[in-house]
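This report covers the fold, the charged side chains and the aromatic side chains of one protein.

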Amino acid sequence: MDKQAELDNSILAKLQSSDDSALQQELDSLSCTHSDIVTLLAQYQTLSEQEDELFDAWYDSLCEDQLKVLKAFEIIRAHIEQQI
């Protein structure tokens, strides 16, 4: 199994759990700053509204830590949406 599949499987497991503490601990151990995360999320929001090819090229260029941040964002967002 490749790294991406392992990451996707761990993300699916975390989505099924409503406890985000393990996910938050994983994020806290990453080597990115708050400004890195804000920039990443702004790019994500902006590029997700653009042509698929542009978004796909950007997404494919992300490093593993950036992918973890985006997937964590989607998981936590899904948990918040379920609560509303």
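## Salt bridges

A salt bridge is counted here when a side-chain nitrogen of Lys or Arg lies within 4 Å of a carboxyl oxygen of Asp or Glu. The model is predicted, and it holds 3 salt bridges. As a general point, side chains of opposite charge can pair when their charged atoms come close.

One of the bridges joins the side chains of Glu 64 and Lys 68, with an N to O distance of 3.8 Å. Both residues belong to helix α5, which spans residues 64-83. Glu 64 and Lys 68 are 4 residues apart, so about one helical turn separates them. Glu 64 has a relative accessible area of 39% and is therefore partly exposed.

Glu 74 forms a salt bridge with Arg 77, and their closest N and O atoms are 2.9 Å apart. The two residues sit in helix α5 at a spacing of 3 residues, about one turn of the helix. Glu 74 is partly exposed, with 24% relative accessible area. Arg 77 is also partly exposed, and its value is 38%.

Arg 77 has a further partner: its side chain meets that of Glu 81 in a salt bridge of 4.0 Å, N to O. Glu 81 and Arg 77 are 4 residues apart in helix α5, which means that about one helical turn lies between them. Glu 81 counts as exposed because its relative accessibility is 52%, and exposed residues are those over 50%. Through shared partners, salt bridges join Glu 74, Arg 77 and Glu 81 into one network.

## Overall fold

The protein has 5 helices and 0 strands. Read from the N terminus, its elements run α-α-α-α-α. The protein has 84 residues, and 23% of them count as buried.

## Aromatic side chains

The structure holds 5 aromatic pairs. One of them is formed by Phe 55 and Trp 58, which are 5.7 Å apart centre to centre, with 45° between the planes; this pair is tilted. Both residues lie in helix α4, residues 52-60, and their spacing of 3 residues is about one turn of the helix.

## A negative surface patch

Which residues form the negative surface patch? The patch is made of Glu 51, Asp 52, Glu 53, Asp 56 and Asp 60. Glu 51 lies in the loop between α3, residues 34-48, and α4. With a relative accessibility of 56%, Glu 51 counts as exposed.

Technical notes: Residues are numbered from 1 along each chain as its sequence is written. This is a predicted model: local features need pLDDT of at least 70, side-chain atom pairs count only at pLDDT 80 or more; totals for chains, interfaces and linings use all residues. Side-chain values use heavy atoms; hydrogens and water are left out. Rings of Phe, Tyr and Trp (its six-membered ring) pair if their centres lie within 6.5 Å; planes under 30 degrees apart count as stacked, over 60 as edge-to-face and the rest as tilted. Patches are made of residues with over 30% relative accessible area and no salt bridge: like charges are joined within 9 Å, nonpolar side chains (Val, Leu, Ile, Met, Phe, Trp, Tyr) within 5 Å. Accessible areas come from the Shrake-Rupley method with a 1.4 Å probe; for residues, only the protein chains shown count as cover. Lys and Arg count as positive and Asp and Glu as negative; His and the chain ends are not counted. The place of a charge is taken as NZ of Lys, CZ of Arg, CG of Asp or CD of Glu. Buried means under 20% relative accessible area, exposed over 50%, partly exposed in between (1.4 Å probe, protein chains only).
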